[in-house]
Amino acid sequence: MEPRFVPQQEPGDRTVQDSEWAGKARAAAGCAGLLLALSLTVDAGDDGLTLSSALLWIALSVTLFVILLPAKVAAAPGRVTVQNLWSRRSVRTDRLAAVSWPDGIEQRLALTDTDGGRAQIELRVLLANPTLWLLLEADARTSYENDTLREGVRDLHRLIRRVERDTAHSVFTISGLH
């Protein structure tokens with residue numbers, strides 16, 4: 001089960017990051033800023049802006065930003081790191097013990113390594129970043145071959161099929177064959 005494509009990387013820089021994170025972070029900030037600007041403008045034009053209502057709108061805008069801000073995912077050979085505002089979780093992907101990709105609405109891949117490290121990655125991040133996916137897939141195969149990956153092999157194979165299907169669909173759509 002060797003990967004078909006090994007990404008070319010610059011010497012010394014072997015970290016791959018979610019290429020869409022910066023845009024999604026800007027969009028989250030933009031939505032929160034727009035909510036704040038509109039709510040302050042409407043409130044000021046209605047009955048006049050008070051300190052308590054301004055603080056309420058600021059709190060709501062900050063809450064919206066926190067909700068919309070995605071986790072930042074970075075991968076290097078042997079490691080995946082997922083960082084949000086309050087935590088940073090790293091998993092040794094070359095020593096995976098369990099992989100879980102539940103059926104249903106939740107589209108997150110849960111990874112656990114032999115040291116007890118845990119992290120969750122949204123499926124959309126893996127689909128949007130083929131290089132990140134290929135690093136994770138190669139390390140998962142290493143874990144399987146080294147017999148550390150004992151739980152979730154079926155979920156991993158199901159995920160591999162899903163990524164390959166979505167990638168093929170994207171290629172056909174872009175090329176106009178679909």
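**Reading the helix packing**

Colleague: Which hand does the crossing of helix 1 and helix 2 have?
Modeller: In this predicted model, helix 1 and helix 2 cross in a right-handed way. Helices (H or I, at least four residues) and strands (E, at least two) are DSSP runs, numbered from the N terminus.

Colleague: Why is helix 1 called roughly antiparallel to helix 2?
Modeller: The axes of helix 1 (residues 21–46) and helix 2 (residues 51–68) cross at roughly 160 degrees and come within 8 Å. Axes are lines fitted to C-alpha atoms over the stretch in contact, and angles run from 0 to 180 degrees between N-to-C directions. Over 145 degrees counts as roughly antiparallel, under 35 as roughly parallel, 65 to 115 as roughly perpendicular, and the rest as oblique. So helix 1 is roughly antiparallel to helix 2.

Colleague: How do you know that Asp18 is buried?
Modeller: Its relative accessible area is 6%. Buried means under 20%, exposed over 50%, partly exposed in between (1.4 Å probe, protein chains only). Therefore Asp18 counts as buried. It lies in the loop between strand 1 (16–17) and helix 1.

Colleague: What makes the span of helix 4 agree with its 16 residues?
Modeller: The expected span is 1.5 Å times one less than the number of residues. For helix 4 (residues 130–145) that gives 22 Å, and its end C-alpha atoms are 22 Å apart, so the two agree. Just after helix 4, Asp147 takes a positive phi of about 65 degrees.

Colleague: Which rules lie behind the numbering and the values?
Modeller: Residues are numbered from 1 along each chain as its sequence is written, and side-chain values use heavy atoms, leaving out hydrogens and water. Local features need pLDDT of at least 70, side-chain atom pairs count only at pLDDT 80 or more, and totals for chains, interfaces and linings use all residues.

How values were computed:
Left-handed = near helix turned anticlockwise from the far one by under 90°.
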